[in-house]
Amino acid sequence: MNKCIFVGNLTRDPEMGSTGSGISYCRFSIAVNRTYSNANGEREADFINIVAFGSRGEFASKYFRKGMMVAVVG
């Protein structure tokens with residue numbers, strides 16, 4: 001089994017929604033800085049899209065804002 005841990009900054013405010021069956025979810029995106037530099041000596045970032053369901057999504061929608069640093073485990 002694989003496990004991913006991302007630590008990065010939110011690129012925009014989270015957006016709440018719900019599925020057709022009434023399950024709530026929250027969508028947001030984080031920018032994760034790479035630990036190494038490219039050939040030009042510049043640091044790059046990866047942008048990860050995330051969807052959190054249920055109470056975790058409601059928590060993210062309530063407390064997360066653009067620019068905040070967050071850790072996501074999945």
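Before the first stop, one cut-off to keep in mind: a residue is called buried under 20% relative accessible area, exposed over 50%, and partly exposed in between. By that scale F59, with a relative accessible area of 46%, is partly exposed. Please also remember throughout that you are looking at a predicted model.

**Stop 1: the rings**

Now bring in F28 and F64. How are these two rings arranged? They make an edge-to-face pair, 5.8 Å centre to centre with 90 degrees between the planes. Colour the chain by position and you can see that this pair ties together distant parts of it: F28 belongs to strand β3 (residues 24-37), while F64 lies in the loop between α1 (54-63) and β5, 36 residues apart. Are F28 and F64 buried or exposed? Both of them are buried.

With the four residues displayed together, you have a cluster: ring pairs link F28, F59, Y63 and F64.

**Stop 2: strand β3 and its partners**

Switch to a cartoon view and select β3. Begin with its pairing to β1: the two strands run antiparallel and are joined by 2 bridges. To find the spot, pick L10, whose bridge partner in β3 is I30.

Next, select strand β2 (residues 15-18). This strand also runs antiparallel to β3, with 4 bridges joining the two. Show G17 and look across to β3, where Y25 stands opposite. Then follow the chain around the turn: β2 and β3 form a hairpin with 5 residues between them, and G22 in that turn has a positive phi of about 90 degrees.

Now go to strand β4 (residues 43-53). How many bridges pair this strand with β3? There are 10, and the pairing is antiparallel. Select S37 and you will find R43 of β4 opposite. Here again is a hairpin, with 5 residues between β3 and β4; the turn contains G41, which has a positive phi of about 85 degrees.

**Stop 3: the cysteines**

Select C4 and C26 and show their sulfur atoms. How many disulfides are there? The count comes to 0. C4 takes part in none, and its nearest cysteine sulfur, that of C26, is 19 Å away. Seen from the other end, C26 is likewise in no disulfide, with the sulfur of C4 as its nearest, 19 Å away. For context, a disulfide is a covalent bond between the sulfur atoms of two cysteines.

C4 is partly exposed, at 36% relative accessible area. C26 is buried, with a relative accessible area of 0%.

**Stop 4: a nonpolar patch on the surface**

Keep the surface on and select I5, V7, M69 and V73. Together they form a nonpolar patch with about 420 Å² of accessible area. Which elements give two or more residues to the patch? They are β1 (5-10) and β5 (69-73).

Zoom in on I5, which is found in strand β1. Its relative accessibility is 58%, so I5 counts as exposed.

**Last stop: a distance to draw**

Draw a line from C-alpha to C-alpha: S18 and V7 are 11 residues apart in sequence and 26 Å apart in space.

Notes. Residues are numbered from 1 along each chain as its sequence is written. This is a predicted model: local features need pLDDT of at least 70, side-chain atom pairs count only at pLDDT 80 or more; totals for chains, interfaces and linings use all residues. Side-chain values use heavy atoms; hydrogens and water are left out. Patches are made of residues with over 30% relative accessible area and no salt bridge: like charges are joined within 9 Å, nonpolar side chains (Val, Leu, Ile, Met, Phe, Trp, Tyr) within 5 Å. Accessible areas come from the Shrake-Rupley method with a 1.4 Å probe; for residues, only the protein chains shown count as cover. A salt bridge is a side-chain nitrogen of Lys or Arg within 4 Å of a carboxyl oxygen of Asp or Glu. Buried means under 20% relative accessible area, exposed over 50%, partly exposed in between (1.4 Å probe, protein chains only). Rings of Phe, Tyr and Trp (its six-membered ring) pair if their centres lie within 6.5 Å; planes under 30 degrees apart count as stacked, over 60 as edge-to-face and the rest as tilted. A disulfide is a pair of cysteine sulfur atoms within 2.5 Å. Two strands pair if DSSP finds at least two bridges between them.
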